[in-house]
Amino acid sequence: MPNIKSAKKRVQVNQAKAARNKASKSALKTALKKAKAAEGDDKQALVQAAIQKVDQAAAKGLIHKNNAAHKKSALAKLLNNA
């Protein structure tokens, strides 16, 4: 544990940011799983929601923009093949 006041604050801030990032990544993964497992009429809505989550994650810097493009392409392919 750090002794300097500013270092203590950095530890707390980093823990808060790590928790926020983990929650966002988990929500992204959940949206992707739901979109892939979807059947019927709600498939398009779930794919749209997953694409939106991917865009938000890329904008926040949680995933690389090329990774986002790859995931969006896979989702579009999934929707078109259905």
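## Overall fold

The chain contains 3 helices and 0 strands. Read along the sequence, these elements give the pattern α-α-α. With a radius of gyration of 17 Å, well over the 12 Å that the globule rule gives for 82 residues, the chain is more spread out than a compact globule. The model is a predicted one.

Along the principal axes, the C-alpha atoms occupy a box of roughly 60 × 20 × 15 Å. Among contacts in the chain with a separation of 6 or more, 50% are between residues 24 or more positions apart.

## Helix H1

Helix H1 covers residues 5-37. How far apart are the end C-alpha atoms of H1, and what span should its 33 residues have? At 1.5 Å a residue the helix should span 48 Å, and its end C-alpha atoms are 48 Å apart, so the two values agree.

Which residues are buried in H1? They are Leu 28, Ala 31, Leu 32 and Ala 35. An α-helix has 3.6 residues a turn, so residues three or four places apart point the same way. The packing partners of the buried residues of H1 are helix H2 (42-60) and helix H3 (65-81).

Lys 22 also belongs to helix H1. Its relative accessible area is 65%, over the 50% cut-off, so Lys 22 is exposed. Between Lys 22 and Leu 62 there are 40 residues of sequence separation, and their C-alpha atoms are separated by 9.3 Å.

## Helix H2

The C-alpha atom of Ala 45 is separated by 8.4 Å from that of Ala 35, and the two residues are 10 residues apart along the chain. Ala 35 is one of the buried residues in H1.

Asp 55 is likewise in helix H2. Is Asp 55 buried or partly exposed? At 36% relative accessibility, Asp 55 counts as partly exposed.

## Helix H3

Ser 73 is located in helix H3. A relative accessible area of 45% makes Ser 73 partly exposed.

## Surface and charge

What share of the 82 residues in the chain is buried? Buried residues make up 17%. The chain exposes about 6,300 Å², and carbon and sulfur atoms supply 52% of that area.

The chain carries 19 positive and 4 negative charges. The mean position of the positive charges and that of the negative charges are 23 Å apart.

Definitions and conventions:
Residues numbered from 1 in each chain as written. Predicted model: local features only at pLDDT ≥ 70, side-chain atom pairs only at ≥ 80, totals over all residues. Heavy atoms only, no water. Helix = DSSP H or I, 4+ residues; strand = E, 2+ residues; numbered from the N terminus. Expected span 1.5 Å × (residues − 1). Buried < 20%, exposed > 50% of the residue type's maximum accessible area, 1.4 Å probe, protein only. Contact = heavy atoms within 4.5 Å. Rg over C-alpha atoms; globule rule 2.2 N^0.38 Å. Areas by Shrake-Rupley, 256 points an atom, 1.4 Å probe, with all protein chains shown as cover. Lys, Arg positive; Asp, Glu negative; His and termini not counted. Charge placed at Lys NZ, Arg CZ, Asp CG, Glu CD.
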